[in-house]
Amino acid sequence: MSSLSASAEAGASAEAGGNTKTSNTTTPKTSAPKPTTPKKLRLLCLHGYAQNANFFSSRTGAVRKGIKALADVHYLDAPHAATGAFLGDIDADARGAPLGWWNTRDAERPALSGAYVGLDESVARVKRCVADDGPFDGVLGFSQGATLAALLCLSEPGLFGFALLFAGFVPRDAIVRAPFDAAAAAPNATPTFHCLGASDASVPPDVARSLASCFASPAVFEHAGGHVVPGNAPLRNAVKDFLRARQ
């Protein structure tokens with residue numbers, strides 16, 4: 001009769017359900033969830049009177065580079081040639097064709113005129129751009145482009161979720177002004193950022209603040225300069241803070 005060694009007997013006992021050592025089990029480590037990256041915003045940019053998309057892109061280079069981690073930008077040309085007699089000679093070879101979102105019947109500057117020509121075509125162009133190249137989370141505009149951006153926020157709900165308005169003004173054309181008058185009485189809820197220049201002779205600070213009052217919770221940034229989109233660090237930081245709150 002064959003015999004088993006002690007080790008074999010122990011093994012046999014274990015297989016038969018005898019005394020066994022309980023092994024420690026290790027719970028797999030779970031890694032902490034990775035923080036979600038906020039989505040990158042998309043901005044449609046509307047230039048000022050007698051500018052164009054390429055020129056405005058170059059003039060907003062500091063801001064554009066400052067927000068590149070937060071937003072992609074798309075610059076759009078206005079549909080009309082700028083015809084204001086006050087413009088003088090413009091070097092189109094150096095800065096491109098002078099364009100406008102509307103011209104005026106009285107030859108005044110856009111911020112001073114009470115009679116606009118061509119605005120409907122510009123509204124249609126922006127809406128077509130949104131349909132073809134959008135959607136866009138927000139809109140950025142300068143001067144005449146800022147006023148058009150504000151008009152679209154007031155009259156086209158849902159087209160843009162927010163607006164950054166540099167040197168914008170309330171229009172003087174009675175028909176175009178109607179939604180602004182309504183918003184002055186019952187401010188619009190669209191989040192807006194307003195940048196105005198303390199030395200701006202074209203759109204003085206009080207004029208730009210009148211536009212800001214059309215919105216319920218405007219963020220207002222004032223700089224010491226004139227009719228420009230400044231590129232200094234305080235402005236860039238203020239814009240970035242505004243955009244982060246929209247992500």
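Which residues lie nearest the centre of the second largest pocket?

1. Val170, Arg172, Arg177, Val207 and Ser210 do, out of 15 lining residues. A pocket here is an open set of points on a 1 Å grid over the protein atoms alone, where a 1.4 Å probe fits, with protein on both sides within 12 Å along at least five of seven lines; lining residues have an atom within 4 Å of a point.

2. Before going on: this is a predicted model, where local features need pLDDT of at least 70 and side-chain atom pairs count only at pLDDT 80 or more, while totals for chains, interfaces and linings use all residues. Residues are numbered from 1 along each chain, and side-chain values use heavy atoms, with hydrogens and water left out.

3. Back to that second pocket: helix 7 (174-185) and helix 8 (205-212) each supply at least two lining residues, and helix 7 gives the most, with 4. Helices are DSSP runs (H or I, at least four residues), numbered from the N terminus.

4. Arg177 turns up again in a salt bridge with Asp181, closest N and O atoms 2.8 Å apart. A salt bridge means a side-chain nitrogen of Lys or Arg within 4 Å of a carboxyl oxygen of Asp or Glu. The two sit 4 residues apart in helix 7, so about one helical turn separates Asp181 and Arg177. Arg177 is partly exposed at 33% relative accessibility (partly exposed lies between buried, under 20%, and exposed, over 50%, with a 1.4 Å probe and protein chains only).

5. Lys127 also pairs with Glu156, at 3.4 Å between the closest N and O atoms. That pair links distant parts of the chain, 29 residues apart.
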